[in-house]
Amino acid sequence: MKLSMIIATGLMMCSSFAHAQPCANYDASLGTFPEDQGWAYETTGDTVVITTEIRGDALYQNSMPGHTCPPSATNARIAAWQISGDSFEFIDGIVFATELKIIESEINQNCSLGYARAGVAFTAIDVNGNVFWIGFGEETVLLSNSTIAPVGPAVKEIDFTTTDGFHVYRVEVSGSSALLFIDNVLLGAINGLGNTVGSTNRVWIGDGTVFANSEFEIRSFHVVGPNCCTADVNGDSVIDVNDITYVLFRLGSTCPPCDGDANEDGAVDVNDLTFVLFRLGDPC
Ligand SMILES: [Ca+2]
Ligand SMILES: [Ca+2]
Ligand SMILES: [Ca+2]
């Protein structure tokens, strides 16, 4: 069978496969919105006043101004992007990162209960409802393991100016600990699993609260779960056509050593081609 036929067959089969989550990229320089790159857009409130557009190599969004407490029908804005899918657990590890410039962003305490809320947040919630999130103000980054806590032991404040340019914010979760790196410098850590309320298996970024609003530019964000890279069969940290070729030349090879067994089912066959095809470009 020709490579092109195998690829075509694989693409037709892709729709029947669940995507192993969380593994996802958004790259604004491609000129498209996150929803065009596999993320779901979620918005509530007065959507008319939310501006979302591509500006150069960045995604620009403005849900300011007008926050009041309690939020009214016209200022209770949410505009965020999320992925959800197969179960994941923090015990297996996860990394989420974004290149972001804050223009304006509020940090407020939830009006009635005092929970900390930021105008931009990047949140991961695992199958058990445990949560790690970072929130962005203008001179502060919050790192937390709880969606139901005020600024304090469970919501740590890190002094950092987010408005002077793009910075890379990366959270590395391992078990019950999360480390926050900003521009590759470790600036915060939080230990212990905290609970969110009524939500599991999702990762989302943007203005995700009715209690604060924001204006920002974002160049990229990505999520790397523990099983994202088995499709990188040639081990060069990229999932691309070379991995398809790699599998193709090893179809039917013996297991072990299972060289080319991208889906780790103990056989090197057409399913591995499909597996790689469906993950082309996923982060590693
Ligand atoms: Ca908001
Ligand atoms: Ca590769
Ligand atoms: Ca296989």
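In H3, the buried residues are Asp272, Leu273, Thr274, Phe275, Val276, Leu277 and Phe278. The model is predicted. H3 spans residues 270–278, and seven of its nine residues are buried, so the rest of the structure largely encloses this helix.

**Helix packing**

- Two packed helices are described by the angle between their axes and the distance between the axes.
- Helix H2 covers residues 241–248 and packs with H3 at an angle of about 175°. The two axes are 9 Å apart.
- That angle makes H2 roughly antiparallel to H3, because angles over 145 degrees count as such.
- H2 contributes Asp243, Ile244, Val247 and Leu248 to the contact. H3 contributes Asp272, Leu273, Val276 and Leu277.
- Of the residues in this contact of H2 with H3, six are nonpolar, two are charged and none is polar.

**Strand pairing**

- Strand E3 (residues 51–55) and strand E4 (residues 58–62) run antiparallel, joined by five bridges.
- Within this pair, Thr52 lies opposite Gln61 of E4.
- Two residues separate E3 from E4 in a hairpin. Gly56 sits in the turn, with a positive phi of about 65°.
- E4 also pairs with strand E18 (residues 214–224) through four bridges, again antiparallel.
- Here Leu59 stands opposite Ile218 in E18.

Note on methods
Residues numbered from 1 in each chain as written. Chains lettered and ligands numbered in written order. Predicted model: local features only at pLDDT ≥ 70, side-chain atom pairs only at ≥ 80, totals over all residues. Buried ≥ 20, exposed ≤ 12 C-beta atoms within 10 Å, placed from the backbone. Axes fitted to C-alpha atoms, helices over the stretch in contact; angles between N-to-C directions. Parallel < 35°, antiparallel > 145°, perpendicular 65-115°, else oblique. Contact = placed C-beta atoms within 7 Å. Nonpolar A, V, L, I, M, F, W, Y, C, P; charged D, E, K, R; others polar. Pairing = 2+ DSSP bridges.
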